[in-house]
Amino acid sequence: MDKMENKKLKVLQVNKLYFPWIGGVERVVQQIAEGLNDSCQMTVLVCQPKGKFREEKVNGVKILRAGSSGMLFSMPVSFSFPFLLRNAAKDSDIIHIHMPFPLADISSILIDRKKKVVIWWHSDIVRQKILKVLLKPFMHMVLKRADRIFVATPNHIESSDVLKRYRDKCTVIHFGIDLKKYELTSEMMDAKNKLRLEYPGKNILFAGRLIYYKGIQYLVDAMKNIDARLLIVGDGPLKKELIDSAKRNDILSKIVFTGKVSEEDLLRLYHFCDLFVLPSIEKTEAFGLVQLEAMACGKPVVSTDLNTGVSYVNRNGYSGYTVRTKDPLALEYAINKLLSDDPLRIQLGANAKKWVFDEFSEQKMLGEVFNQYLELMSK
(Lines give C-alpha, C1' and ligand atoms only; values in the text may rest on other atoms or scores of the structure.)
Protein backbone atom coordinates (compact mmCIF):
# COMPACT_ATOMS: atom_id res chain seq x y z
CA MET A 1 0.00 0.00 0.00
CA ASP A 2 2.99 2.32 0.57
CA LYS A 3 3.40 2.70 -3.18
CA MET A 4 -0.19 3.88 -3.43
CA GLU A 5 0.12 6.61 -0.78
CA ASN A 6 1.67 9.15 -3.13
CA LYS A 7 -0.63 8.58 -6.10
CA LYS A 8 -4.30 8.19 -6.80
CA LEU A 9 -5.80 4.78 -7.34
CA LYS A 10 -6.58 4.20 -11.00
CA VAL A 11 -10.06 2.72 -11.23
CA LEU A 12 -11.72 1.50 -14.43
CA GLN A 13 -15.48 1.09 -14.13
CA VAL A 14 -17.04 -1.16 -16.77
CA ASN A 15 -20.72 -1.17 -17.71
CA LYS A 16 -23.02 -1.50 -20.71
CA LEU A 17 -24.02 2.16 -20.99
CA TYR A 18 -23.59 5.52 -19.26
CA PHE A 19 -25.32 8.86 -18.80
CA PRO A 20 -27.32 10.29 -20.56
CA TRP A 21 -28.69 6.74 -20.84
CA ILE A 22 -31.01 6.43 -17.81
CA GLY A 23 -31.20 3.28 -15.72
CA GLY A 24 -30.66 2.10 -12.17
CA VAL A 25 -27.26 0.55 -12.85
CA GLU A 26 -26.12 3.51 -14.93
CA ARG A 27 -27.05 5.81 -12.09
CA VAL A 28 -24.89 3.85 -9.61
CA VAL A 29 -21.95 3.86 -12.05
CA GLN A 30 -22.27 7.63 -12.41
CA GLN A 31 -22.54 8.14 -8.64
CA ILE A 32 -19.29 6.23 -8.07
CA ALA A 33 -17.51 7.82 -11.03
CA GLU A 34 -18.33 11.39 -10.07
CA GLY A 35 -18.36 10.87 -6.31
CA LEU A 36 -14.91 9.26 -6.16
CA ASN A 37 -13.26 11.14 -9.03
CA ASP A 38 -11.39 13.41 -6.62
CA SER A 39 -10.12 10.45 -4.58
CA CYS A 40 -9.35 8.17 -7.53
CA GLN A 41 -8.29 8.57 -11.13
CA MET A 42 -11.57 7.34 -12.53
CA THR A 43 -12.23 6.08 -16.06
CA VAL A 44 -15.50 4.55 -17.27
CA LEU A 45 -15.65 2.12 -20.20
CA VAL A 46 -19.07 1.56 -21.75
CA CYS A 47 -20.65 1.10 -25.17
CA GLN A 48 -22.67 3.34 -27.40
CA PRO A 49 -26.30 2.22 -27.75
CA LYS A 50 -25.44 2.66 -31.44
CA GLY A 51 -22.64 4.64 -33.04
CA LYS A 52 -18.89 5.05 -33.38
CA PHE A 53 -16.25 5.11 -30.63
CA ARG A 54 -16.12 8.34 -28.64
CA GLU A 55 -13.90 9.54 -25.83
CA GLU A 56 -15.16 12.44 -23.75
CA LYS A 57 -15.35 13.96 -20.31
CA VAL A 58 -18.68 14.08 -18.49
CA ASN A 59 -18.69 16.19 -15.32
CA GLY A 60 -14.92 15.76 -15.12
CA VAL A 61 -14.92 11.97 -15.59
CA LYS A 62 -13.18 10.32 -18.52
CA ILE A 63 -15.67 8.22 -20.50
CA LEU A 64 -14.69 5.73 -23.21
CA ARG A 65 -17.66 4.71 -25.35
CA ALA A 66 -16.98 1.70 -27.55
CA GLY A 67 -18.57 1.70 -30.97
CA SER A 68 -21.71 -0.42 -31.33
CA SER A 69 -23.91 -1.53 -34.18
CA GLY A 70 -26.97 -1.58 -31.93
CA MET A 71 -28.63 -3.47 -29.09
CA LEU A 72 -29.48 -7.19 -29.06
CA PHE A 73 -31.17 -8.81 -26.03
CA SER A 74 -30.60 -5.51 -24.18
CA MET A 75 -26.85 -5.75 -24.78
CA PRO A 76 -24.74 -3.58 -27.11
CA VAL A 77 -23.19 -5.40 -30.07
CA SER A 78 -19.60 -4.14 -30.02
CA PHE A 79 -16.61 -5.90 -31.58
CA SER A 80 -14.13 -3.28 -30.37
CA PHE A 81 -15.16 -3.45 -26.72
CA PRO A 82 -12.95 -6.44 -25.71
CA PHE A 83 -9.82 -4.74 -27.04
CA LEU A 84 -10.69 -1.41 -25.43
CA LEU A 85 -11.16 -3.26 -22.13
CA ARG A 86 -7.81 -5.00 -22.45
CA ASN A 87 -5.99 -1.74 -23.19
CA ALA A 88 -7.77 0.35 -20.54
CA ALA A 89 -7.21 -2.37 -17.91
CA LYS A 90 -3.43 -2.26 -18.47
CA ASP A 91 -3.25 1.22 -16.98
CA SER A 92 -5.67 0.56 -14.08
CA ASP A 93 -5.16 -0.65 -10.53
CA ILE A 94 -8.74 -1.88 -10.10
CA ILE A 95 -11.22 -3.01 -12.74
CA HIS A 96 -14.75 -2.59 -11.38
CA ILE A 97 -17.29 -4.47 -13.54
CA HIS A 98 -21.05 -4.02 -13.16
CA MET A 99 -22.98 -7.23 -13.85
CA PRO A 100 -24.99 -8.56 -15.54
CA PHE A 101 -23.05 -7.55 -18.64
CA PRO A 102 -22.27 -10.67 -20.73
CA LEU A 103 -19.97 -8.83 -23.15
CA ALA A 104 -17.75 -7.81 -20.22
CA ASP A 105 -17.83 -11.38 -18.87
CA ILE A 106 -16.54 -12.74 -22.16
CA SER A 107 -14.03 -9.92 -22.61
CA SER A 108 -12.59 -10.24 -19.10
CA ILE A 109 -10.43 -13.16 -20.29
CA LEU A 110 -8.19 -10.48 -21.85
CA ILE A 111 -7.52 -8.72 -18.52
CA ASP A 112 -4.08 -9.29 -16.98
CA ARG A 113 -4.42 -11.90 -14.20
CA LYS A 114 -2.42 -9.67 -11.83
CA LYS A 115 -5.04 -6.92 -11.91
CA LYS A 116 -7.53 -6.53 -9.07
CA VAL A 117 -11.12 -7.16 -10.18
CA VAL A 118 -14.24 -5.99 -8.35
CA ILE A 119 -17.75 -7.01 -9.40
CA TRP A 120 -20.92 -5.15 -8.47
CA TRP A 121 -23.65 -7.76 -8.88
CA HIS A 122 -26.89 -5.92 -9.59
CA SER A 123 -29.15 -8.83 -10.56
CA ASP A 124 -29.38 -12.23 -12.18
CA ILE A 125 -30.33 -12.50 -15.84
CA VAL A 126 -34.06 -13.21 -15.57
CA ARG A 127 -35.94 -12.95 -18.83
CA GLN A 128 -33.44 -14.24 -21.44
CA LYS A 129 -33.37 -17.83 -20.14
CA ILE A 130 -31.64 -19.40 -23.16
CA LEU A 131 -29.05 -16.64 -23.22
CA LYS A 132 -28.50 -17.18 -19.48
CA VAL A 133 -27.67 -20.86 -20.03
CA LEU A 134 -25.28 -20.10 -22.89
CA LEU A 135 -23.46 -17.39 -20.97
CA LYS A 136 -23.32 -19.12 -17.58
CA PRO A 137 -19.75 -20.46 -18.02
CA PHE A 138 -18.43 -16.95 -18.76
CA MET A 139 -20.35 -15.54 -15.80
CA HIS A 140 -18.78 -18.05 -13.45
CA MET A 141 -15.37 -17.44 -14.99
CA VAL A 142 -15.40 -13.75 -14.07
CA LEU A 143 -16.96 -14.38 -10.63
CA LYS A 144 -14.24 -16.92 -9.79
CA ARG A 145 -11.66 -14.42 -10.94
CA ALA A 146 -13.11 -11.54 -8.89
CA ASP A 147 -11.35 -10.38 -5.73
CA ARG A 148 -14.53 -8.80 -4.30
CA ILE A 149 -18.23 -8.94 -5.16
CA PHE A 150 -20.43 -6.04 -4.03
CA VAL A 151 -24.17 -6.48 -3.54
CA ALA A 152 -26.68 -3.86 -2.44
CA THR A 153 -28.50 -6.10 0.08
CA PRO A 154 -28.14 -9.59 1.61
CA ASN A 155 -31.22 -10.60 -0.40
CA HIS A 156 -29.19 -10.24 -3.60
CA ILE A 157 -27.12 -13.22 -2.46
CA GLU A 158 -29.95 -15.35 -1.10
CA SER A 159 -32.27 -14.83 -4.08
CA SER A 160 -29.58 -15.38 -6.74
CA ASP A 161 -29.20 -18.63 -8.66
CA VAL A 162 -25.52 -17.79 -9.11
CA LEU A 163 -24.10 -15.92 -6.12
CA LYS A 164 -24.59 -18.40 -3.27
CA ARG A 165 -21.39 -20.29 -4.08
CA TYR A 166 -19.44 -17.01 -3.98
CA ARG A 167 -20.91 -15.67 -0.72
CA ASP A 168 -17.45 -15.59 0.93
CA LYS A 169 -16.39 -12.95 -1.60
CA CYS A 170 -19.54 -10.86 -1.19
CA THR A 171 -19.70 -7.53 0.63
CA VAL A 172 -22.98 -5.70 1.23
CA ILE A 173 -22.85 -2.01 0.28
CA HIS A 174 -26.25 -0.34 0.23
CA PHE A 175 -27.10 1.87 -2.71
CA GLY A 176 -27.38 5.49 -1.65
CA ILE A 177 -29.09 8.70 -2.66
CA ASP A 178 -28.18 12.36 -2.18
CA LEU A 179 -30.35 13.10 0.84
CA LYS A 180 -30.09 16.88 0.47
CA LYS A 181 -32.26 16.69 -2.64
CA TYR A 182 -35.20 15.35 -0.66
CA GLU A 183 -35.49 18.07 1.99
CA LEU A 184 -38.94 19.62 2.33
CA THR A 185 -37.97 23.24 1.66
CA SER A 186 -40.41 26.15 1.76
CA GLU A 187 -40.39 26.16 -2.05
CA MET A 188 -41.20 22.44 -2.11
CA MET A 189 -44.00 23.01 0.41
CA ASP A 190 -45.51 25.66 -1.85
CA ALA A 191 -45.36 23.25 -4.79
CA LYS A 192 -46.94 20.53 -2.66
CA ASN A 193 -49.83 22.83 -1.71
CA LYS A 194 -50.43 23.73 -5.35
CA LEU A 195 -50.65 20.03 -6.22
CA ARG A 196 -53.21 19.59 -3.45
CA LEU A 197 -55.44 22.13 -5.19
CA GLU A 198 -54.95 20.35 -8.53
CA TYR A 199 -55.41 16.84 -7.13
CA PRO A 200 -57.67 17.00 -4.03
CA GLY A 201 -58.22 13.93 -1.87
CA LYS A 202 -55.89 10.94 -1.39
CA ASN A 203 -53.18 10.29 -3.97
CA ILE A 204 -51.10 7.21 -4.72
CA LEU A 205 -47.88 7.45 -6.73
CA PHE A 206 -46.12 5.02 -9.06
CA ALA A 207 -42.94 5.99 -10.95
CA GLY A 208 -41.16 3.81 -13.46
CA ARG A 209 -41.14 2.51 -17.00
CA LEU A 210 -44.42 0.99 -18.15
CA ILE A 211 -42.97 -2.45 -18.90
CA TYR A 212 -43.95 -6.01 -18.00
CA TYR A 213 -41.91 -6.63 -14.84
CA LYS A 214 -43.12 -3.46 -13.09
CA GLY A 215 -46.51 -5.14 -12.54
CA ILE A 216 -48.38 -1.87 -13.06
CA GLN A 217 -51.38 -3.73 -14.53
CA TYR A 218 -52.07 -5.29 -11.12
CA LEU A 219 -52.03 -1.87 -9.48
CA VAL A 220 -54.47 -0.54 -12.09
CA ASP A 221 -56.76 -3.51 -11.40
CA ALA A 222 -56.55 -2.84 -7.66
CA MET A 223 -57.89 0.69 -8.17
CA LYS A 224 -61.45 -0.64 -8.71
CA ASN A 225 -62.07 -0.64 -4.96
CA ILE A 226 -59.75 2.15 -3.83
CA ASP A 227 -61.17 5.61 -3.19
CA ALA A 228 -58.13 7.58 -4.29
CA ARG A 229 -56.29 8.86 -7.34
CA LEU A 230 -53.37 6.98 -8.92
CA LEU A 231 -50.64 9.11 -10.48
CA ILE A 232 -48.59 7.06 -12.94
CA VAL A 233 -45.26 8.71 -13.76
CA GLY A 234 -43.36 7.28 -16.71
CA ASP A 235 -43.82 5.95 -20.18
CA GLY A 236 -43.37 2.68 -21.99
CA PRO A 237 -44.85 0.07 -24.33
CA LEU A 238 -47.69 -0.91 -21.97
CA LYS A 239 -49.24 2.55 -21.73
CA LYS A 240 -52.02 1.98 -24.27
CA GLU A 241 -52.87 -1.41 -22.75
CA LEU A 242 -53.11 0.16 -19.29
CA ILE A 243 -55.36 2.97 -20.54
CA ASP A 244 -57.62 0.47 -22.33
CA SER A 245 -57.84 -1.66 -19.18
CA ALA A 246 -58.77 1.36 -17.06
CA LYS A 247 -61.48 2.28 -19.59
CA ARG A 248 -62.93 -1.26 -19.57
CA ASN A 249 -63.12 -1.21 -15.77
CA ASP A 250 -64.56 2.33 -15.74
CA ILE A 251 -61.75 3.66 -13.52
CA LEU A 252 -59.91 5.94 -15.95
CA SER A 253 -61.20 8.94 -13.98
CA LYS A 254 -59.17 7.70 -11.00
CA ILE A 255 -55.90 7.50 -12.93
CA VAL A 256 -53.58 10.23 -14.24
CA PHE A 257 -50.88 9.25 -16.75
CA THR A 258 -48.34 12.04 -16.41
CA GLY A 259 -45.79 10.60 -18.85
CA LYS A 260 -42.15 11.37 -18.16
CA VAL A 261 -41.53 14.27 -15.80
CA SER A 262 -38.47 16.23 -14.76
CA GLU A 263 -36.49 15.24 -11.66
CA GLU A 264 -37.78 18.36 -9.93
CA ASP A 265 -41.41 17.53 -10.74
CA LEU A 266 -40.94 13.97 -9.52
CA LEU A 267 -39.58 15.32 -6.22
CA ARG A 268 -42.70 17.45 -5.86
CA LEU A 269 -44.87 14.39 -6.45
CA TYR A 270 -42.97 12.35 -3.85
CA HIS A 271 -43.61 15.03 -1.24
CA PHE A 272 -47.22 15.48 -2.33
CA CYS A 273 -48.43 11.88 -2.52
CA ASP A 274 -49.89 9.96 0.42
CA LEU A 275 -48.04 6.74 -0.35
CA PHE A 276 -45.87 5.13 -3.01
CA VAL A 277 -46.50 1.76 -4.68
CA LEU A 278 -44.01 -0.51 -6.46
CA PRO A 279 -45.99 -3.56 -7.67
CA SER A 280 -43.15 -5.36 -9.53
CA ILE A 281 -43.62 -9.02 -10.44
CA GLU A 282 -40.17 -10.30 -11.45
CA LYS A 283 -36.70 -10.52 -9.87
CA THR A 284 -35.57 -8.16 -12.62
CA GLU A 285 -36.62 -5.52 -10.08
CA ALA A 286 -33.57 -6.15 -7.93
CA PHE A 287 -33.73 -3.05 -5.71
CA GLY A 288 -36.11 -0.27 -6.73
CA LEU A 289 -34.29 3.02 -6.13
CA VAL A 290 -37.61 4.86 -6.44
CA GLN A 291 -38.57 3.33 -3.09
CA LEU A 292 -35.64 5.10 -1.43
CA GLU A 293 -36.61 8.38 -3.03
CA ALA A 294 -40.22 8.19 -1.83
CA MET A 295 -39.14 7.03 1.64
CA ALA A 296 -36.63 9.90 1.91
CA CYS A 297 -39.66 12.19 1.53
CA GLY A 298 -41.37 10.46 4.45
CA LYS A 299 -43.74 8.29 2.43
CA PRO A 300 -44.68 4.70 3.28
CA VAL A 301 -44.37 2.16 0.48
CA VAL A 302 -46.47 -0.77 -0.67
CA SER A 303 -44.28 -3.18 -2.64
CA THR A 304 -44.23 -6.85 -3.55
CA ASP A 305 -42.41 -9.70 -1.85
CA LEU A 306 -39.85 -10.58 -4.51
CA ASN A 307 -37.17 -11.71 -2.02
CA THR A 308 -34.83 -9.26 -3.73
CA GLY A 309 -33.55 -5.90 -2.54
CA VAL A 310 -37.09 -4.55 -2.99
CA SER A 311 -38.42 -6.39 0.06
CA TYR A 312 -35.22 -5.67 2.01
CA VAL A 313 -35.53 -1.91 1.48
CA ASN A 314 -39.25 -1.78 2.30
CA ARG A 315 -39.50 -3.45 5.70
CA ASN A 316 -42.93 -4.98 6.07
CA GLY A 317 -44.88 -3.37 8.90
CA TYR A 318 -42.14 -0.80 9.56
CA SER A 319 -41.74 1.37 6.46
CA GLY A 320 -44.82 0.11 4.65
CA TYR A 321 -46.19 -3.23 3.52
CA THR A 322 -44.98 -6.00 1.23
CA VAL A 323 -47.65 -8.12 -0.46
CA ARG A 324 -47.84 -11.09 -2.80
CA THR A 325 -46.91 -10.53 -6.44
CA LYS A 326 -49.58 -10.45 -9.15
CA ASP A 327 -52.33 -9.99 -6.56
CA PRO A 328 -54.59 -6.94 -7.01
CA LEU A 329 -56.59 -7.82 -3.89
CA ALA A 330 -53.46 -7.84 -1.73
CA LEU A 331 -52.43 -4.47 -3.15
CA GLU A 332 -55.94 -3.13 -2.59
CA TYR A 333 -55.98 -4.28 1.06
CA ALA A 334 -52.56 -2.78 1.93
CA ILE A 335 -53.27 0.52 0.16
CA ASN A 336 -56.69 0.92 1.74
CA LYS A 337 -55.28 0.12 5.19
CA LEU A 338 -52.77 2.97 4.86
CA LEU A 339 -55.19 5.44 3.29
CA SER A 340 -57.83 4.85 5.97
CA ASP A 341 -55.48 5.24 8.95
CA ASP A 342 -53.71 8.62 8.95
CA PRO A 343 -51.66 8.08 12.16
CA LEU A 344 -50.44 4.68 10.89
CA ARG A 345 -49.54 6.10 7.48
CA ILE A 346 -47.66 9.02 9.02
CA GLN A 347 -45.78 6.75 11.46
CA LEU A 348 -44.69 4.30 8.77
CA GLY A 349 -43.62 7.23 6.59
CA ALA A 350 -41.49 8.58 9.45
CA ASN A 351 -39.96 5.12 9.97
CA ALA A 352 -39.21 4.91 6.26
CA LYS A 353 -37.43 8.26 6.26
CA LYS A 354 -35.30 7.29 9.30
CA TRP A 355 -34.32 3.97 7.68
CA VAL A 356 -33.18 5.73 4.51
CA PHE A 357 -31.31 8.51 6.32
CA ASP A 358 -29.55 5.98 8.56
CA GLU A 359 -28.53 3.45 5.94
CA PHE A 360 -28.93 4.65 2.35
CA SER A 361 -27.03 7.90 1.92
CA GLU A 362 -24.85 8.41 -1.14
CA GLN A 363 -22.02 9.58 1.12
CA LYS A 364 -22.11 6.30 3.07
CA MET A 365 -22.14 4.24 -0.12
CA LEU A 366 -19.18 6.08 -1.65
CA GLY A 367 -17.17 5.87 1.57
CA GLU A 368 -17.67 2.11 1.77
CA VAL A 369 -16.74 1.59 -1.89
CA PHE A 370 -13.55 3.63 -1.49
CA ASN A 371 -12.58 1.79 1.70
CA GLN A 372 -13.04 -1.52 -0.13
CA TYR A 373 -10.77 -0.28 -2.91
CA LEU A 374 -8.07 0.70 -0.40
CA GLU A 375 -8.35 -2.57 1.51
CA LEU A 376 -8.10 -4.55 -1.69
CA MET A 377 -4.97 -2.71 -2.80
CA SER A 378 -3.32 -3.24 0.61
CA LYS A 379 -3.26 -7.01 0.07
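Me: In strand 8, which residue is the bridge partner of H98?

Reply: It's W120. Keep in mind that this is a predicted model.

Me: What makes strand 7 and strand 8 a pair?

Reply: The cut-off is at least two bridges between the strands. Strand 7 (residues 94–99) and strand 8 (residues 116–121) are joined by 6 bridges and run parallel, so they count as paired.

Me: Which helix packs on that sheet, and what does it touch?

Reply: Helix 1 (residues 24–35) does, touching strand 1, strand 2, strand 3, strand 4 (61–66), strand 7 and strand 8. The direction of helix 1 makes about 160° with that of strand 7.

Me: What does the sheet look like overall, strand by strand?

Reply: It's an open sheet of 8 strands, in the order 3-4-2-1-7-8-9-10, and the pairing is mixed.

Me: Why are strand 3 and strand 10 called edge strands?

Reply: Strand 3 (54–58) and strand 10 (170–172) each have a single partner strand, so one side of each has no neighbour in the sheet. Neighbouring strands here are turned by 25° against each other on average, ignoring direction.

Me: And strand 1: why is it described as largely enclosed?

Reply: Strand 1 (residues 9–14) has 6 residues, and 5 of them are buried, so the rest of the structure largely encloses this strand. Strand 1 also pairs in the parallel sense with strand 2 (residues 40–47) over 6 bridges, and K10 has Q41 as its bridge partner in strand 2.

Me: What makes you say strand 14 is covered on both faces?

Reply: L275 and V277 point to one side, F276 and L278 to the other, and all are buried. In a regular strand the side chains alternate between the two faces of the sheet.

Me: How is the packing of helix 10 on helix 13 described?

Reply: Helix 10 (residues 289–296) and helix 13 (residues 342–359) pack at about 115°, with their axes 8 Å apart. The crossing is left-handed. L292, M295 and A296 of helix 10 meet G349, A352, K353, W355, V356 and F357 of helix 13.

Me: What is the make-up of that contact by class?

Reply: It has 7 nonpolar, 1 polar and 1 charged residues.

Me: Why is the Y212 and Y213 pair called edge-to-face?

Reply: Their planes are 80° apart and their centres 5.6 Å. Pairing needs centres within 6.5 Å, and edge-to-face needs planes over 60 degrees apart, so both conditions hold. Y213 is buried at 16%, under the 20% limit, whereas Y212 at 26% is partly exposed.

Me: Then why is Y312 with W355 classed as it is?

Reply: The centres are 6.0 Å apart and the planes at 55°, so this pair is tilted. Y312 sits in helix 11 (residues 309–313) and W355 in helix 13, 43 residues apart. W355 is buried at 11%, while Y312 at 22% is partly exposed. Both belong to a cluster of linked rings that also includes W120, F150, F175, F287 and F360.

Me: Last one: is Q372 buried or exposed, and how do you know?

Reply: Its relative accessible area is 14%, under the 20% cut-off, so Q372 is buried. Q372 lies in helix 14 (residues 362–377). Leaving out residues up to four places away in sequence, Q372 touches R148, F150, T171 and I173.

Technical notes
Residues are numbered from 1 along each chain as its sequence is written. This is a predicted model: local features need pLDDT of at least 70, side-chain atom pairs count only at pLDDT 80 or more; totals for chains, interfaces and linings use all residues. Side-chain values use heavy atoms; hydrogens and water are left out. Axes are lines fitted to C-alpha atoms, for helices over the stretch in contact, and angles run from 0 to 180 degrees between N-to-C directions. Helices (H or I, at least four residues) and strands (E, at least two) are DSSP runs, numbered from the N terminus. A crossing is left-handed if the near helix is turned anticlockwise from the far one by less than a right angle, and right-handed if clockwise. Contact means heavy atoms within 4.5 Å. Ala, Val, Leu, Ile, Met, Phe, Trp, Tyr, Cys and Pro count as nonpolar, Asp, Glu, Lys and Arg as charged, and the others, Gly among them, as polar. Rings of Phe, Tyr and Trp (its six-membered ring) pair if their centres lie within 6.5 Å; planes under 30 degrees apart count as stacked, over 60 as edge-to-face and the rest as tilted. Buried means under 20% relative accessible area, exposed over 50%, partly exposed in between (1.4 Å probe, protein chains only).
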